[in-house]
Amino acid sequence: MRVASDVGEDGKVREPEPDKGADALMDMDSFLKAIPKVSLHLHLMGSVQARTAVELCNKHNVPLPDYEEPEDLYDYPDIYKFLHMYDNTSLGVIDREDFERICYETLTEAADHNVRYREMFFNPTAHMAAGVDYDTCVDGLIDGINAARTDHGIECRLIAAINRMETPELGVSMVETLLDHPRDEVIGIGMDYAEAEYPPERFWKAYRMAEQAGLHLTAHQSEDAPPRNIETCLDLLNCERVDHGYHVVESEAIMRRCRDEGVVFTCTPVSTAWVYFNDDFDNHPIGQMREFGIKISLDCDDPPMFKTDPTKDYIMAHNHMGFEVEDFRQCMLNGIDGSWLDEPDKRRMRREWAIEFDELVAQLD
Ligand SMILES: [Zn+2]
């Protein structure tokens, strides 16, 4: 085990000790799986495995479309059909143990891909509309977090996400619920669902209330809408980071501002290439954002629903968006910077992960 004196001022190991044995060399895909990861853009319901969704829907008598294999349920022609399946799956998650199960399963998969820390979106109002009380939902998730920490060493915090296709009043009501039922694990709010017809300013009040209560703030913006939504997100909602944000490339002024202010963008190559760019990974704006110097943290959004996982999005970024080894180092550090961990934890992670990263680079074929 390395000690602190192995690390230089720049956080890099002074004398890496590569294993020269041919069988110790690692290919790029294995390297991308092995690097330590922060996960800042993953939706709980989008991470439910198809087989689990079927079992839970059957348990609670929720009707499902026809299918031969459970995975068939995750084939859809457009985002609205995807959102329908996403909502349908929510109806099958009712009991505290159901929430524990889906949370534990997604964190188990994450740990297998070397995700060490995750801030995970969940939609309280979707579950409350299905008749689940907030305590059942959040405490089940906390059970799952605790079990995953014990079994796999992964840490997780929760982001309560506003469904922007619902009313601003429901957003305010969601924040009131969080404040009436505080949990240490719920550290911020976000905003998700389809953006084009539902601009961010509708939710200024919910964001103001959350900010005044000391919650952290993020929002999905400019995934499917003009870059001015990013400025609304930063200047009106006071968000600390931007989820997606791809249309930023249409405004050099906003792109320059985000770069200069060090705003972290949480980007998900696979899910968005499918939805917005006709699976055209080579022309996905993430490559342009990287070249311009935007701070990007990669993640996988809704992994089984888009047939991806925490490593595959990194692989696509390497194969199609120009990410090389040093870009992944930066991506790792951006994830730490953009997280809502305390500064001492961030400093420790930067130091320790830099050592690990260099050890992995030394094994790269
Ligand atoms: Zn998302």
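Which helix gives the most to the lining of the second largest cavity? It's α7, with three residues, and view 3 below shows that spot. What you're looking at is a predicted model, where local features need pLDDT of at least 70, side-chain atom pairs count only at pLDDT 80 or more, and totals for chains, interfaces and linings use all residues. Residues are numbered from 1 along each chain as its sequence is written, and side-chain values use heavy atoms, with hydrogens and water left out.

View 1. His41 (NE2), His43 (NE2), His220 (NE2) and Asp301 (OD) hold the zinc ion at 2.1 to 2.3 Å. Donors here are N, O and S atoms within 2.8 Å of the metal (3.2 Å for Na, K and Ca); water isn't among the atoms, so sites may look incomplete. Along the chain, the spacing reads H-x1-H-x176-H-x80-D. His43 sits in the loop between β1 (37-39) and α2 (50-59), and Asp301 in the loop between β8 (295-298) and α13 (312-320), so this pair ties together parts that are 258 residues apart in sequence. (Helices are DSSP runs of H or I with at least four residues, strands are E runs of at least two, and both are numbered from the N terminus.)

**View 2. The largest cavity.** It has a volume of about 200 Å³. Of its 18 lining residues, His43, Phe82, Glu223, Asp301 and Asp302 are the closest to the centre. A cavity is a set of points on a 1 Å grid over the protein atoms alone where a 1.4 Å probe fits but cannot get out, and lining residues have an atom within 4 Å of a point. Grid points are joined across faces, edges and corners, and the volume is the space filled by probe spheres set on them.

View 3. At least two of the lining residues come from β3 (155-163), and at least two from α7 (168-180). By class, the lining splits into four nonpolar, four polar and one charged; nonpolar covers Ala, Val, Leu, Ile, Met, Phe, Trp, Tyr, Cys and Pro, charged covers Asp, Glu, Lys and Arg, and the others, Gly among them, are polar.

Key:
On a 1 Å grid over the protein atoms alone, a cavity is a set of points where a 1.4 Å probe fits but cannot get out, and a pocket is an open set with protein on both sides within 12 Å along at least five of seven lines; lining residues have an atom within 4 Å of a point.
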